[in-house]
Amino acid sequence: VQLQASGGGLVQAGGSLRLSCAASGSIFSITVMGWFRQAPGKQRELVATISSGGSTNYADSAKGRFAISRDNAKNIVYLTMNSLKPEDTAVYYCNAALRTTPTSYNALYWGQGTQVTVSS
């Protein structure tokens, strides 16, 4: 199983970016997909998660500015980020809790991270 994140880059404050993360490999089902971020010198923190049914959860810092969505047929999760601030600068990681077979337990997989830099 692999998670491939893309869409990061350099953007000015107030701008927007859309991150994508595609899960591939031997996947039976994906329950929750999410985005986390880690700024230099800080711990990795939750940004947003989305269940297979579409229920979402956001960090307070993301509410009202970021939107998480997913394409269940393609095993892709998106993070649309608007009104970006310099403090949003971080490496953004996607993850997915998934089963590889009908009888396996859910396991958590992580993508490789994509850099988001917001200039002031």
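Buried, on this tour, means under 20% relative accessible area, exposed means over 50%, and partly exposed is what falls in between (1.4 Å probe, protein chains only). The model is predicted, so local features need pLDDT of at least 70 and side-chain atom pairs count only at pLDDT 80 or more, while totals for chains, interfaces and linings use all residues. Residues are numbered from 1 along each chain as its sequence is written, and side-chain values use heavy atoms, with hydrogens and water left out.

**Stop 1: the disulfide**

Select C21 and C94. Both cysteines are buried, and they form a disulfide with the sulfur atoms 2.0 Å apart. The rule here is a pair of cysteine sulfur atoms within 2.5 Å, and by that rule the count comes to one disulfide. Which parts of the chain does the pair link? C21 is in strand β3 (residues 17-24) and C94 is in strand β9 (residues 90-99), 73 residues apart. Strands are DSSP runs (E, at least two residues), as helices are (H or I, at least four), numbered from the N terminus. Now check the torsion about the S-S bond: it is about 55°, so the disulfide of C21 and C94 is right-handed.

**Stop 2**

Next, pick D88, which is buried with a relative accessible area of 1%. D88 forms a salt bridge with R37, their closest N and O atoms 2.9 Å apart. The cut-off for a salt bridge is a side-chain nitrogen of Lys or Arg within 4 Å of a carboxyl oxygen of Asp or Glu. This pair links distant parts of the chain, with D88 in the loop between β8 and β9 and R37 in strand β4, 51 residues apart. R37 is buried too, like D88.

R65 is in the loop between β6 (56-58) and β7, 23 residues from D88. Is R65 buried or exposed? At 12% relative accessibility, R65 counts as buried.

The structure holds four salt bridges. For one of them, jump to D60 and K63, whose side chains meet at 3.2 Å, N to O. D60 is exposed, with a relative accessible area of 65%.

**Stop 3: rings**

Show F36 and W110, an edge-to-face aromatic pair at 5.2 Å centre to centre with 65° between the planes. Rings of Phe, Tyr and Trp (its six-membered ring) pair if their centres lie within 6.5 Å; planes under 30 degrees apart count as stacked, over 60 as edge-to-face and the rest as tilted. F36 is in strand β4 (residues 29-38) and W110 in strand β10 (residues 107-110), 74 residues apart. W110 is partly exposed, at 36% relative accessibility.

Now for charges over rings, where NZ of Lys or CZ of Arg must be within 6 Å of the ring centre and within 35 degrees of the ring normal. Select R18 and Y78: the charged end of R18 sits over the Y78 ring, 4.0 Å from its centre. Then try R44, which lies over the face of Y93 at 3.7 Å from the ring centre.

**Stop 4: positive phi**

Finish on the backbone. N75 is not a glycine, yet its phi is positive, near 55°. Look for N75 in the loop between β7 (66-71) and β8 (76-81); N75 is partly exposed, with a relative accessible area of 21%. S83, also not a glycine, has a positive phi of about 50°. Find S83 in the loop between β8 and β9, partly exposed at 41% relative accessible area.
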